[in-house]
Amino acid sequence: VNQSGLTSSPSTGVHATPIKTTSTDMDIVLPGSKSYSDVGNYIIDGSFEDTTMFSKRTNKSSGWSLDTTASMPYRGTTVLKSTGDATSTKYIYLHHSTYGGQLTNLQVIPAQKYYLSMFVRGISANGTFGITVWWFNSDGTAATIASTESSWAHSGTGDYGIYETVVQAPDNAVMASVSVRTNAQTAGAVYFDGVTVKPVV
């Protein structure tokens, strides 16, 4: 309101033009090569786009690698590849300082529920795979429930499937570590992408 007693003309109106988002707007790369899908994800670089991050992870057995040549990555251009030999169970620890990894254990809330998911594509191999969550007390020792393991069977269809579950941290757990596991994987390749751990709201 003009209370000066002077008359004046109003400013020229400005009209905003809305812009429609498209699917390509989701292909955002955050600082450190983290993809948009990793926002809010407890697993750092769950889409495996950062090779320096992969080098800090600890695998208990051989057969894990990054692959940029596989067609149909679920996110980005890189996937986690497991090469099976039909002879052993294979783990890769995404967060597990106990096993020599450079990544610290995840901070969790006691009794909090967590949503786990990952995309899996088997081309020439079958087998069982899963996400294992290791629970720890504040001093680094195992909590009452040492681990929560989710297992699924998968066949080499060549298509991605999403596998998801919800786990609950024990009442005395304040830290967690996550690993991806394959079991009885036949000779051939299985690809993992978009590994996610998020608290259930």
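## Ser-179 and its surroundings

The side chain of Ser-179 reaches the side chain of Trp-134 in a polar contact of 3.4 Å. Keep in mind that this is a predicted model. Ser-179 sits in strand E12, which covers residues 175-183. How buried is Ser-179? Its relative accessible area is 0%, and the cut-off for buried is under 20%, so Ser-179 counts as buried.

Setting aside residues up to four places away in sequence, Ser-179 touches Tyr-91, Ile-92, Tyr-93 and Leu-94, along with Gly-130, Ile-131, Thr-132 and Trp-134.

The largest nonpolar core holds 31 residues, and Leu-94, Met-118, Trp-135, Val-178, Val-180 and Phe-192 have the most contacts inside it. Strands E6 (90-95), E8 (113-122), E9 (127-136), E10 (142-154), E11, E12 and E13 each put in at least two residues.

Take Val-178: leaving out neighbours within four places in sequence, its contacts include Ile-43, Ile-92, Leu-94, Leu-106, Val-133 and Val-197. There's also a second, separate core of 5 residues, with Tyr-91, Trp-134, Phe-136 and Met-175 among them.

## The open sheet

Now for the strand pairing. 5 strands line up as E4-E5-E13-E8-E11 in an open sheet with antiparallel pairing. Strands E4 (64-67) and E11 (160-168) are at the edges with a single partner strand each, so one side of each has no neighbour in the sheet. From one strand to the next, the twist averages 35°.

Within this sheet, E5 (residues 79-84) and E13 (residues 188-199) pair in the antiparallel sense over 5 bridges. Thr-83 stands opposite Ala-189 in E13.

Technical notes:
Residues numbered from 1 in each chain as written. Predicted model: local features only at pLDDT ≥ 70, side-chain atom pairs only at ≥ 80, totals over all residues. Heavy atoms only, no water. Pairing = 2+ DSSP bridges. Helix = DSSP H or I, 4+ residues; strand = E, 2+ residues; numbered from the N terminus. Axes fitted to C-alpha atoms, helices over the stretch in contact; angles between N-to-C directions. Buried < 20%, exposed > 50% of the residue type's maximum accessible area, 1.4 Å probe, protein only. Polar contact = N/O pair within 3.5 Å; in protein donor to acceptor, adjacent residues only side chain to side chain. Contact = heavy atoms within 4.5 Å. Core = buried A, V, L, I, M, F, W, Y, C linked by side-chain atoms within 4.5 Å.
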